[in-house]
Amino acid sequence: MKWIKLGKIFDPSNYELNEKVGIYAQSPQALVYPEFIRIYFSTRFRDNTGKYVSHVSSVDFDKKLSKILNISKNEIISIGKRGCFDEHGIFPFNVIRYNKKIIGYSSGISRRISVPVETSIGMSLSVDNGNTFKRIGNGPVLSSSKYEPCMVGDPFVKFYNNNFHMWYIYGEKWATKKMYKNAERIYKIGHARSIDGENWVKDNIQLLPNKFEMECQALPTVIKINDIYHMWFCYRKAFDFRTNIINSYKIGYAFSNNLITWKRRDNQLCINRGKKGDWDFEMQCYPNVFRSDSVIYMLYNGNQFGRMGFGVAKLEHD
């Protein structure tokens with residue numbers, strides 16, 4: 001599979017998203033309409049403690065992803081109530097159409113004392129064609145458990161073979177090294193299934209093999225092409241990944257014939273890192289693959305985890 005890079009298509013610093021937000025457009029997630037493509041993403045502002053809080057925004061493009069038609073000004077989904085799993089932000093936000101409904105799955109963020117954050121997955125519904133979402137209850141639909149002790153998040157949901165399937169990440173542990181001041185999270189990709197999209201049963205297994213010790217695997221996205229299921233995700237080393245290009249996020253690839261066993265083939269990805277100075281030279285992360293009018297696209301973030309926006313590539317295939 002060869003991806004043709006179409007470049008960066010959205011930079012949040014060029015737009016006034018609302019009175020508080022002007023940086024980051026992380027984890028772009030597409031919802032295709034007949035006349036346009038809506039892309040949801042997470043952006044940030046600082047609260048009264050000086051810490052970032054992630055909010056969901058959206059931008060509408062034409063079907064060729066070449067022209068911006070509209071940028072959301074309204075609140076798409078509210079931040080959680082005090083003490084709830086999503087009190088301190090939502091990142092990322094995944095959307096799916098099912099039975100004339102638009103369902104949103106959110107990765108909610110809450111702060112901790114001994115480590116920076118904990119995450120869980122919530123569910124919401126839209127009653128106005130994807131403009132806004134109302135959560136189903138104030139608690140999560142998928143969270144930490146006996147075999148997945150922390151950091152359950154990054155949901156991606158599809159409906160295949162009469163079941164909802166969710167690919168997500170879960171934390172194995174928080175690791176420390178003497179040379180680094182802070183603990184860093186180690187997370188892997190897991191899978192759960194559901195008959196109604198709300199009540200989930202986990203497989204409780206790590207789907208993909210590790211490429212190296214203490215690898216972090218994040219943000220899976222899955223699409224079916226020619227009876228084969230294809231997954232893209234991003235991976236990095238656990239430490240010194242924010243500014244060190246060698247350890248930073250890269251995009252990986254795996255495939256499956258049955259949604260159960262996956263074969264990892266990162267070398268078959270065929271999407272090149274940008275040249276020095278480009279927006280995606282330092283890292284490539286948070287992929288989202290979708291089909292629109294028979295064309296398959298990949299949205300993804302670049303340097304600084306999407307601080308300056310996201311770009312797109314188009315799949316060239318037979």
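Modeller: A salt bridge here is a side-chain nitrogen of Lys or Arg within 4 Å of a carboxyl oxygen of Asp or Glu. Please keep in mind that this is a predicted model.

Biologist: Is Lys 5 buried or partly exposed?

Modeller: Asp 280 has 1% relative accessibility, and because buried means under 20%, Asp 280 counts as buried. Lys 5 has 32% relative accessibility, and because this lies between the limits of 20% and 50%, Lys 5 counts as partly exposed.

Biologist: In the salt bridge of Lys 8 and Asp 11, what is the relative accessible area of Asp 11?

Modeller: The side chains of Lys 8 and Asp 11 meet at 3.3 Å, N to O. Lys 8 counts as partly exposed at 34% relative accessibility. Asp 11, in contrast, is buried, with a relative accessible area of 13%.

Biologist: How many residues apart are Glu 148 and Lys 202?

Modeller: Glu 148 forms a salt bridge with Lys 202, the closest N and O atoms being 2.9 Å apart, and both Glu 148 and Lys 202 are buried. Glu 148 is in the loop between strand S9 (134-135) and S10, whereas Lys 202 is in strand S13 (residues 201-202). This pair, too, links distant parts of the chain, and its separation is 54 residues.

Biologist: Turning to the pockets, what is the volume of the largest pocket?

Modeller: The largest pocket is lined by 39 residues, and those nearest its centre are Arg 44, Phe 91, Val 117, Arg 185 and Arg 242. By class, its lining divides into 19 nonpolar, nine polar and eleven charged residues. The volume of the largest pocket is about 1,000 Å³.

Biologist: Which element gives the largest share of the lining of the second largest pocket?

Modeller: The second largest pocket holds about 380 Å³ of space, and of the 18 residues that line it, Ala 30, Val 95, Arg 97, Lys 158 and Phe 290 are the closest to its centre. Strands S2 (23-32), S6 (90-98), S10 (150-160), S14 (215-225) and S18 (285-292) are the elements that give two or more residues to this lining, which by class has twelve nonpolar, two polar and four charged residues. The largest share, five residues, comes from S10.

Biologist: Which residue has the backbone nitrogen that the side chain of Thr 221 reaches?

Modeller: Thr 221 is found in strand S14 and is buried, with a relative accessible area of 1%. Among the residues that Thr 221 touches are Phe 156, Trp 232, Pro 287 and Val 289. At 3.1 Å, the side chain of Thr 221 reaches the backbone nitrogen of Val 289.

Notes
Residues numbered from 1 in each chain as written. Predicted model: local features only at pLDDT ≥ 70, side-chain atom pairs only at ≥ 80, totals over all residues. Heavy atoms only, no water. 1 Å grid on protein atoms, 1.4 Å probe; cavity = no way out; pocket = protein on both sides within 12 Å on 5 of 7 lines; lining within 4 Å. Points joined across faces, edges and corners; volume = space filled by probe spheres on them. Nonpolar A, V, L, I, M, F, W, Y, C, P; charged D, E, K, R; others polar. Helix = DSSP H or I, 4+ residues; strand = E, 2+ residues; numbered from the N terminus. Buried < 20%, exposed > 50% of the residue type's maximum accessible area, 1.4 Å probe, protein only. Contact = heavy atoms within 4.5 Å. Polar contact = N/O pair within 3.5 Å; in protein donor to acceptor, adjacent residues only side chain to side chain. Lists of a residue's contacts leave out its neighbours within four places in sequence.
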